[in-house]
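Here are my notes on the model you sent over.

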Amino acid sequence: MKLHGSMTVENNTLSIGGVSCLDLAQKYSTPLYVFDEELIRNNCREYVNYFKVNENKNKVAYAGKAFLPIYMCKLINEENLCLDVVSGGELYTAYKAGFPMENILFHGNNKTIDEIKLGIDLGVGRFVVDNFYELDLIEKICIENNKTQKIYFRITPGIEAHTHDYIKTGQIDSKFGFTLTNGELYDAIKKILNYKNIKLVGLHAHIGSQIFDIEPFLDEVDIMLNLVKEIKEKYNVDLTEIDLGGGIGVYYSKNDKPKTIKDFCEAIISKADETCKKLNIELPTLIIEPGRSIIANAGSTLYTVGSIKDIKDIRTYVSVDGGMTDNIRPSLYQAKYECSVVNKIGNNKGNNVTIAGKCCESGDILIGDIDIMKIESGDILITTSTGAYGYSMSSNYNKIPKAAVVSVINGEEKLICKRQSYEDLLLLEMQ
Ligand SMILES: Cc1ncc(COP(=O)(O)O)c(C=O)c1O
Ligand SMILES: N[C@@H](CCCC[NH3+])C(=O)O
């Protein structure tokens with residue numbers, strides 16, 4: 001297992017942020033998500049620094065879908081990031097956290113009327129408009145409420161990046177955005193010329209998630225900047241903001257070879273500089289929306305090992321007290337993770353086991369065939385890099401309560417989200 005951020009090992013026992021994982025498991029029970037606050041803040045600072053937020057007035061908008069408790073809204077605001085939300089629920093969370101609404105980008109391929117009303121009412125900075133239906137609704141609601149709204153158009157740039165099919169978004173056959181090749185984008189621009197309460201200020205594209213190559217992002221920069229020039233020439237519309245979507249892929253397990261935040265940002269910034277010079281246009285404000293590369297490696301999950309089933313010459317199933325309810329990614333995307341026993345770090349490996357969850361599904365397997373130290377019932381197991389799309393995609397399947405979340409820094413822990421109780425599970429049910 002690779003150690004990330006403030007993870008340290010003493011007497012074979014793992015600590016994060018100076019707090020022993022054994023103590024955390026004992027105090028808060030398991031499953032438990034543990035977040036390394038120092039690493040989250042460092043990742044934010046790297047993005048702010050290398051994406052030239054202060055120097056060039058570029059913007060880094062954290063993608064809330066990765067993990068968005070109130071705690072994260074406050075933290076990213078302190079670190080001078082903007083926020084990308086994709087639903088009324090995420091928007092409301094940010095609002096309750098006191099997040100500045102002007103710094104919010106509101107995404108979504110099918111925002112409901114109520115969500116659009118809420119966004120306009122709260123004064124979100126930018127709507128990322130996905131389609132004609134939404135465009136007309138925003139104009140109508142703005143007129144009714146005597147408001148104006150700044151927007152970007154989301155486009156599908158026709159870039160096929162190498163990642164899992166479910167998390168590709170830039171290809172033409174996608175549910176997201178205005179398609180470039182069939183002229184939809186130009187029709188949308190013509191339409192907006194007659195709209196009084198909407199101001200188009202930029203374009204957005206997102207080519208997909210967990211991408212390791214920088215090249216497709218540079219192709220995206222090229223396409224977007226060429227569009228800025230073309231749209232100015234054809235329609236006399238100044239697009240001053242270009243949003244390039246999500247961040248770079250991260251390390252989950254040993255075959256992953258991620259680029260650094262620095263390399264990723266620097267490559268984009270220099271490609272944009274070079275392209276603007278070539279096209280003889282002014283450099284627009286660049287926006288990027290990283291989720292995973294800010295939070296994935298900063299989160300880990302602690303589990304207690306229960307049943308161990310050894311099927312001779314076939315497989316050993318080690319079952320833990322969580323599973324697909326707290327981490328759906330292995331079942332959904334065949335995502336690979338690493339794990340270890342928190343008080344046996346460094347012990348000899350040589351045991352091949354499969355880590356299974358407790359749901360009533362054969363597919364509830366967290367890690368298949370891992371070479372690990374000897375595991376016994378009662379051990380505390382840690383899976384690393386579970387910070388992104390873990391808690392945010394968690395469910396109550398089998399009526400399993402959601403796990404608690406803590407953050408740790410400088411030897412102290414903070415409870416971020418309480419564990420659900422059985423009573424909480426029944427809160428919405430009529431008795
Ligand atoms: C529109 C948009 N922006 C940003 C992100 C965040 O991407 P990532 O977590 O890979 O940085 C996503 C997720 O794929 C997205 O759909
Ligand atoms: N939820 C996905 C990422 C895609 C979400 C955003 N478009 C994952 O866990 O990898």
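1. First, a term for the ligand: a residue is near a molecule or strand if its C-beta atom, placed from the backbone, lies within 6 Å of it. By that cut-off 16 residues surround ligand 1, and the closest are Ala63, Ser209, Gly246, Gly291 and Arg292. Sorted by class, this shell has four nonpolar, nine polar and three charged residues. (Nonpolar here is Ala, Val, Leu, Ile, Met, Phe, Trp, Tyr, Cys and Pro; charged is Asp, Glu, Lys and Arg; the others, Gly among them, are polar.)

2. Some housekeeping. This is a predicted model, where local features need pLDDT of at least 70 and side-chain atom pairs count only at pLDDT 80 or more, while totals for chains, interfaces and linings use all residues. Residues are numbered from 1 along each chain as its sequence is written, with chains lettered from A and ligands numbered from 1 in the order in which they are written.

3. The overall build: the protein chain has 13 helices and 21 strands. Its radius of gyration is 23 Å, close to the 22 Å that the globule rule gives for 431 residues, so the chain is as compact as a globular protein of that length. (The radius is taken over C-alpha atoms, and the rule is 2.2 Å times the number of residues to the power 0.38. Helices, H or I and at least four residues, and strands, E and at least two, are DSSP runs numbered from the N terminus.) Along the principal axes, the C-alpha atoms fill a box of roughly 70 × 55 × 40 Å.

4. How much of the chain is buried? Buried residues make up 45% of the 431. Buried means 20 or more other C-beta atoms within 10 Å of the residue's own, exposed means 12 or fewer, and partly exposed is in between, with C-beta atoms placed from the backbone. As for contacts (C-beta atoms, placed from the backbone, within 7 Å), take those between residues at least 6 apart in sequence: 68% of them join residues at least 24 apart.

5. Now Lys65. An unreviewed UniProt entry lists Lys65 for "modified residue: N6-(pyridoxal phosphate)lysine"; UniProt positions follow the numbering used here, feature names are shortened, and annotations may be inferred rather than shown by experiment. Lys65 sits in the loop between β5 (59-63) and α4 (70-78), and counts as buried because it has 21 C-beta neighbours inside 10 Å. Not counting residues up to four places away in sequence, Lys65 touches Val86, Gly291 and Ser392.

6. That brings in Gly291 and Arg292, both of which the unreviewed UniProt entry places under "binding site", along with Gly247, Glu289, Pro290 and Tyr389. Gly291 is in the loop between β13 (285-288) and α11; 23 other C-beta atoms lie within 10 Å, so Gly291 is buried. Beyond its neighbours within four places in sequence, Gly291 has contacts that include Tyr62, Ala63, Lys65 and Gly246. Arg292 is in helix α11 and is buried too, because it has 25 C-beta neighbours inside 10 Å. Among the residues Arg292 touches are Ser209, Gln210 and Gly247.

7. Have a look at the backbone of Gln210. It has a positive phi of about 55 degrees although it is not a glycine. Gln210 belongs to the loop between β11 (198-204) and α9 (215-235), and is buried because 26 other C-beta atoms lie within 10 Å.

8. Another stretch to check is the loop between α1 and β4, which holds Ser29 and Pro31. Ser29 has phi near 70 degrees, a positive value in a residue other than glycine. The peptide bond from Thr30 to Pro31 is cis, with omega near -5 degrees.

9. Helix α2 (residues 37-50) has 14 residues and reaches 20 Å from first C-alpha to last, close to the 20 Å expected at 1.5 Å a residue (that is, 1.5 Å times one less than the number of residues). Its buried residues include Leu39, Ile40, Asn43 and Tyr47. Among the elements covering the buried residues of α2 are β5, α4 and α11. Just after the helix, Lys52 takes a positive phi of about 55 degrees.

Notes
Two residues are in contact if their C-beta atoms, placed from the backbone, lie within 7 Å.
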